[in-house]
Amino acid sequence: MAKNGTLLWIDDEIELLRAHILFLKGKDYDVDTATNGRDALDRLREQSYDLILLDENMPGLTGLETLTLIKELRPAIPVVMVTKSEEEDIMNQAIGAKIADYLIKPVNPSQILLTLKKNIHKRDIITETTNTNYQQNMGRIAMQINDASTAESWIEVYKSLVYWELELEHADNNMSEMLRMQKEEANNLFARFVRKHYEDWCENMGDSLRVKGDENRPGRLKPSSLNPHLSTLNPNPSSQGTPLLSPYLFRDRIFPLLDKGDKVVLIVFDNFRYDQWKILSHELASGFTYDEELYYSILPTATQYARNAIFSGLMPNKIAEMFPELWVDEDEDEGKNLNEAPLIQTQIARYRRRDTFSYNKINNATEAERLVSQFAQFAHHDLNVVVVNFIDLLSHARTESKTLRELASDEAAYRSVTATWFRHSPLRDLFALLAESDYKVVITTDHGSIRVNNPLKVVGDRNVNTNLRYKLGKNLSYNPREVYEIKDPRKVFLPSPNVSTAYIFAWGDNFFAYPNNYNHYVSYYRDTFQHGGISMEEMIIPLVTMTPKKR
């Protein structure tokens with residue numbers, strides 16, 4: 001067998017193509033021939049081929065009729081239509097029948113060779129080229145990692161690593177392993193960067209996020225209606241090296257859109273990573289243009305803290321102090337994200353705004369279908385907020401289900417499952433409606449997740465929280481060199497249930513495990529996706545503003 005593949009060329013004037021056939025054999029292809037559709041189908045019943053070249057204009061069975069029968073018999077074989085005709089209708093019929101390519105006679109050897117490379121060898125060529133390109137860029141990426149010293153430069157590092165992770169998805173194991181090692185090194189250095197600067201970021205935010213601007217601007221509530229704690233001004237954090245953080249999202253990205261007169265739909269995918277967005281962006285590109293950026297989740301990278309900070313515009317301890325009825329402590333049984341709509345309202349009021357909004361939480365397909373059916377009601381509000389919990393549910397279900405762990409065995413499979421869910425979810429119908437609307441659509445998340453593998457022993461009393469990537473308590477025992485410890489939570493605006501409460505955060509692919517029943521615990525949670533700690537995947541998250549193309 002020829003190493004480059006076997007071809008079947010069907011043409012009633014095959015003798016006129018002997019020069020082309022000899023050329024292909026010289027390129028190490030086996031070429032069988034047939035002069036009509038019936039003989040070609042007989043050959044296909046006996047053996048398979050890597051590609052078929054099919055003449056469109058033949059006596060007896062026409063090329064299009066033969067194509068239909070070939071697709072019934074061997075649907076996976078790519079078929080290249082070869083024809084003298086340039087009629088658009090014939091082209092449309094051939095393309096509609098899912099041909100692989102379309103060549104106009106007279107064809108030259110280079111054209112034939114190109115279509116073979118595209119349809120037989122494309123994956124191998126792409127893999128080889130991608131491997132080579134990554135090898136050539138490894139040194140640059142290493143320098144980019146070592147030189148990263150700002151929040152923005154770490155965003156660029158993460159973008160580069162995700163780009164190559166997606167490019168190398170089908171590469172050989174050696175390249176994928178080298179990228180994994182670079183990413184691991186990057187996450188360790190990123191954690192060092194966060195430990196060095198996180199308290200400074202929090203200090204730059206001041207003791208609360210407060211209104212900046214003219215109190216008498218039209219459409220704003222009067223100062224007398226505000227909480228008296230919120231009357232002073234807030235400095236611009238970006239001028240002090242602090243990146244865009246969770247509490248700034250409404251102030252710096254949502255409110256400016258509303259001020260321009262846009263109606264906004266904010267879709268928050270819980271536990272949504274940047275690489276998952278890159279895959280979903282392919283599904284949405286036909287309906288929207290978009291501006292993509294990345295911002296930083298606060299710590300802990302968990303819904304209770306990060307998403308409540310987004311919706312309130314406040315750091316967690318300020319929510320607990322100013323709106324105690326809306327904050328739920330870790331040791332309480334009540335759900336930690338049940339007060340999101342009231343928190344949005346407090347932020348709108350605090351910024352003296354009169355925006356109307358709706359709040360919708362989607363936990364399953366039935367709720368998504370209901371939202372789609374009620375889409376017309378979005379028009380009654382300036383802002384419509386939709387929280388989608390599927391990806392977070394998938395992450396937790398994967399931990400508990402061996403079947404799901406097989407289906408989403410690694411990052412590539414995790415992305416694939418996310419894309420498959422979206423393609424078949426009623427949410428796709430929601431985006432189809434939005435693509436035909438005049439809304440600005442903002443997609444974001446509260447935090448991402450990372451696949452954990454390395455256990456760290458931690459000891460605590462019965463009141464210690466259950467999260468595997470961060471712990472808080474008054475009697476924690478751990479190796480301080482292995483964690484980011486915060487002994488005074490007030491410095492990073494975290495609630496302190498007790499005077500001696502401390503927080504610790506895991507970084508890289510570490511996770512916390514208790515010494516009792518240690519082996520079972522480690523076996524159960526190793527190789528699961530977790531969040532709450534410090535990693536690029538958890539902290540550096542997508543923020544995308546989309547405009548329907550119909551505009």
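Analyst: Two strands pair if DSSP finds at least two bridges between them; strands are DSSP runs of E of at least two residues, helices runs of H or I of at least four, both numbered from the N terminus. This is a predicted model, where local features need pLDDT of at least 70 and side-chain atom pairs count only at pLDDT 80 or more, while totals for chains, interfaces and linings use all residues. Residues are numbered from 1 along each chain as its sequence is written, and side-chain values use heavy atoms, leaving out hydrogens and water.

User: Why are β7 and β8 called edge strands?

Analyst: The open sheet runs β7-β18-β10-β6-β9-β8, six strands with mixed pairing. Since β7 (288-296) and β8 (357-362) each have a single partner strand, one side of each is left without a neighbour in the sheet.

User: Why is the pair of Tyr 198 and Trp 201 called edge-to-face?

Analyst: Rings of Phe, Tyr and Trp (its six-membered ring) pair with centres within 6.5 Å, and the planes decide the class: under 30 degrees is stacked, over 60 edge-to-face, the rest tilted. Here the centres are 6.1 Å apart and the planes stand at 65°, so the pair qualifies as edge-to-face. Tyr 198 and Trp 201 are three residues apart in helix α8, which puts about one helical turn between them. This is one of 33 aromatic pairs in the structure.

User: How do you know whether Asn 271 and Asn 517 are buried or exposed?

Analyst: The scale is relative accessible area: buried is under 20%, exposed over 50%, partly exposed in between (1.4 Å probe, protein chains only). Asn 271 has 0%, so Asn 271 is buried. Asn 517 has 55%, so Asn 517 counts as exposed.

User: And what makes their backbones worth a look?

Analyst: Most residues other than glycine have a negative phi. Yet phi is positive at Asn 271, about 65°, in the loop between β6 (264-269) and α10 (274-284). Phi is also positive at Asn 517, about 55°, in the loop between β16 (510-513) and α19 (518-525).

User: How do you know that Arg 195 sits over the ring of Trp 507?

Analyst: The rule asks for CZ of Arg or NZ of Lys within 6 Å of the ring centre and within 35 degrees of the ring normal. Arg 195 lies over the face of Trp 507 at 4.0 Å from the ring centre. Lys 457 does likewise with Tyr 518, at 4.8 Å.

User: Last one: which residues have the most contacts inside the largest nonpolar core?

Analyst: They are Trp 154, Phe 269 and Phe 431, in a core of 114 residues. Helix α8 (residues 173-204) gives the most to this core, 10 residues. A nonpolar core means buried Ala, Val, Leu, Ile, Met, Phe, Trp, Tyr and Cys residues joined through side-chain atoms within 4.5 Å.
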